[in-house]
Amino acid sequence: MLQQLFKFKGGVKPQTSKTSSLHEPIGQAPLPARLIVPLHQSIGGTPNPLVEAGEHVLKGQLIGGADGWISSAVHAPTSGTVLAIEEHIAAHPSGLSTLSVIIEPDGRDEWIERTPLDYRTLPPERVREILRDAGVVGLGGAVFPSHAKLTASKTVPMDELVINGAECEPFITCDDLLMRERAEDVIRGVAIFRDLLMPKRVLIGIEDNKPEAVAALEKAVQALGENFEVIAVPTRYPAGGAKQLIRVLTGKEVPAAKRSTDLGVQCFNVATAYTAYRAVAHGEPVISRIVTLTGNVEHPRNWEVLIGTPLREFIQLGKPKNDTNGYLMGGPMMGFEMPSLDAPLVKATNCIIAASPTLFPQPPPEMPCIRCGACAEACPHELQPFEMYWFAHAKNFGKTQEYNIFDCIECGCCSYVCPSHIPLVQYFRFAKSEIWARERDKKASDLAKARFEFRNLRDEREKAEKAERLAKAAAAKAVEKKAAPVDSGAALATSPDAPVNADVAKKATIAAAIERARVQRETAEPKNTDGLTIAQRKEIAEIEARRAPLLASEQTAPNAETQRTQSTDT
Amino acid sequence: MITAIVIMALGAIVLGAALGYASVKFKVEGNPLVEKIEAILPQTQCGQCGYPGCKPYAEAIAEGEADINLCPPGGMEGVRKLADLLGREPTPLDAEEKPKQVAIIDEATCIGCTLCIQACPVDAIVGAAKQMHTIVASLCTGCELCVKPCPVECIRMEPIAENIENWKWKYPVFEIKRAA
């Protein structure tokens with residue numbers, strides 16, 4: 001097959017170090033003593049816990065429901081008892097904790113009822129919902145919910161579906177072995193994506209250092225009678241970056257502010273396709289993944305591991321050597337050091353590398369930037385890392401944005417080639433998170449301002465309404481005073497003469513007040529008495545009859561009445 | 001000579017008319033400087049500067065009545081930004097800089113007096129008379145205005161803890177080792 005390949009600019013060729021973990025097939029990791037399943041394992045909303053401590057769960061049972069469309073469900077990896085739902089240290093560079101479900105396996109590994117479905121008989125929306133509720137996310141490392149990427153753009157026709165099997169990071173071989181051993185399921189998963197997106201072509205890109213995987217997938221494509229094109233791409237880091245692979249296979253360059261779907265391209269990882277197929281056709285949610293355990297260990301190998309397995313138990317499978325001084329999650333270019341051995345493996349964990357001083361020697365001290373431009377030549381996104389570095393170094397974040405820092409994919413090529421050993425990516429990560437924090441603050445302050453202004457507006461409106469009410473009441477009072485000047489005049493005339501009369505005057509004012517209240521009650525007639533049925537009129541008459549003796553007693557005891565009005569006032 | 005004077009006078013009249021028209025047509029409502037200052041202020045509406053809200057303080061700064069270092073929630077960074085905008089020298093903050101806080105009501109002690117609801121400048125407290133009150137943490141600006149009015153002292157301020165969502169990558173720092 002003749003396929004014209006394109007090139008992306010920049011990139012590096014680090015030593016791949018992949019062979020050591022390829023000698024053995026994928027192994028099944030044993031059941032750990034305890035599983036720690038973080039609820040937030042994908043981009044988007046944090047799933048809500050659906051189980052309680054003490055509850056018994058089955059393998060594959062939903063324990064965290066997706067929160068919104070951009071979110072993905074989480075499931076129990078095995079059957080057992082929920083010990084707690086608590087904050088537990090996460091597989092995150094910060095070493096902070098996240099809400100996790102702690103499960104103690106019962107050893108029976110009992111599945112929940114699984115319903116295999118034929119997705120061709122289902123409407124596409126239903127298939128997307130199944131994928132969301134099965135927790136299918138991008139397993140290349142970005143963990144973006146896959147169902148959200150499976151809606152084709154309405155305006156742009158879908159040209160190409162790119163399946164990413166490049167696996168360009170050194171050391172990682174999990175996708176390689178997946179493609180070799182489970183090629184047909186991968187291809188069936190790709191077929192699901194194809195049927196949902198209806199692209200004109202399906203291109204599967206694999207780096208040419210994995211000929212076995214290419215052969216396995218080609219065989220599977222033929223066996224299943226599909227027309228997917230399996231293409232070996234030149235081995236150059238970061239060919240497995242989504243934008244880079246799209247560029248190599250289709251020649252399309254995704255602009256900064258656009259998504260690949262705007263150009264009619266969508267990209268998925270091979271492992272994501274595999275889990276999508278298992279979820280739809282077998283009813284199995286994402287509860288395990290293949291993880292490469294390599295680096296400074298006696299037995300480097302790929303393992304199928306339950307999500308939530310603590311790092312401490314996982315590394316025992318590879319027997320780390322004595323001089324191991326840390327564990328990296330992800331590859332050596334983009335990965336980070338795991339904060340603790342207690343942290344669990346999650347959906348984003350594609351590789352664990354045991355580090356040692358000989359494998360990853362301490363980088364030499366940072367030297368000043370000499371503006372040689374090597375980083376700009378290596379940058380696969382054609383950015384100018386040295387400029388961004390100056391501004392990030394000086395904490396001039398506005399300028400870093402002018403140099404498009406948010407197009408940086410943190411691939412690490414610039415740091416790799418820097419002759420001054422400047423950890424450029426660290427500066428960019430720092431700048432990015434500072435800018436995000438500022439944006440969060442800005443949003444919060446805008447919201448506070450809007451709410452403060454609305455509150456002031458409401459206060460003023462309420463004040464105006466109150467003033468209006470008072471004015472009305474005063475006017476009403478004036479009218480009443482005009483209507484009954486004789487009574488009060490008489491009372492006033494008699495009061496100064498004798499102290500006995502003061503009492504009389506008081507009684508007279510009370511009586512006048514009661515009279516006013518009565519008049520008010522009568523004027524405030526019920527307004528909904530027109531067109532009543534006979535039954536309703538009868539009822540009203542009955543109630544009035546009941547009230548009549550009460551009213552009579554009230555008039556004889558006006559004090560009681562005043563007391564009652566007082567109590568209702570307060 | 002007269003022609004020259006007439007030409008100059010005509011020019012003056014035409015330009016004057018143009019300027020007059022422009023000043024009516026492109027009239028700027030309010031002081032644009034106030035808006036720029038207000039955009040820098042953190043909008044906590046806490047009144048710690050001595051003005052009843054961020055806008056009055058911004059107006060006072062624009063008038064030159066108030067100093068730029070009176071806003072504790074804005075911190076030293078806010079002072080620097082104001083100094084940049086106004087071309088003044090940044091002066092040290094006139095108060096202690098505190099981490100970001102959020103108010104928390106001890107719901108067991110709350111008697112439902114509504115005094116804190118009336119004090120909250122951003123309506124971040126929900127509750128009703130004789131009912132328990134609570135604070136909507138995502139709306140709370142940490143202004144502390146609700147703390148004083150509470151008759152049973154059930155409101156406390158807590159600094160916002162670092163979590164995975166608001167965690168930031170640190171500035172790269174390297175240990176300097178003595179060469180052997």
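What area is buried between chain B and chain A, and what percentage of it do carbon and sulfur atoms give? This is a predicted model, in which local features need pLDDT of at least 70 and side-chain atom pairs count only at pLDDT 80 or more, while totals for chains, interfaces and linings use all residues. Residues are numbered from 1 along each chain as its sequence is written, chains are lettered from A in the order in which they are written, and side-chain values use heavy atoms, without hydrogens and water.

**View 1. The interface of chain B and chain A.** The buried area is about 2800 Å², and carbon and sulfur atoms give 58% of it (accessible area, 1.4 Å probe, that two parts lose on being put together, summed over both). B:I164, B:W169 and B:Y171 supply 27% of the area that chain B buries against chain A, more than any other three residues.

**View 2. A salt bridge between A:R458 and B:D123.** The two side chains meet at 3.0 Å, N to O. Across the interface there are six salt bridges (a side-chain nitrogen of Lys or Arg within 4 Å of a carboxyl oxygen of Asp or Glu).

**View 3. The ring pair A:Y389 and A:Y427.** The ring centres are 5.0 Å apart and the planes stand at 85 degrees, so the pair is edge-to-face (centres of Phe, Tyr or Trp rings, for Trp the six-membered ring, within 6.5 Å; planes over 60 degrees apart). A:Y389 is buried at 4% relative accessible area, and A:Y427 is buried at 2% (buried means under 20%, 1.4 Å probe, protein chains only). Both residues belong to one aromatic cluster, which also includes B:Y171.

Conventions. Rings of Phe, Tyr and Trp (its six-membered ring) pair if their centres lie within 6.5 Å; planes under 30 degrees apart count as stacked, over 60 as edge-to-face and the rest as tilted. Buried means under 20% relative accessible area, exposed over 50%, partly exposed in between (1.4 Å probe, protein chains only).
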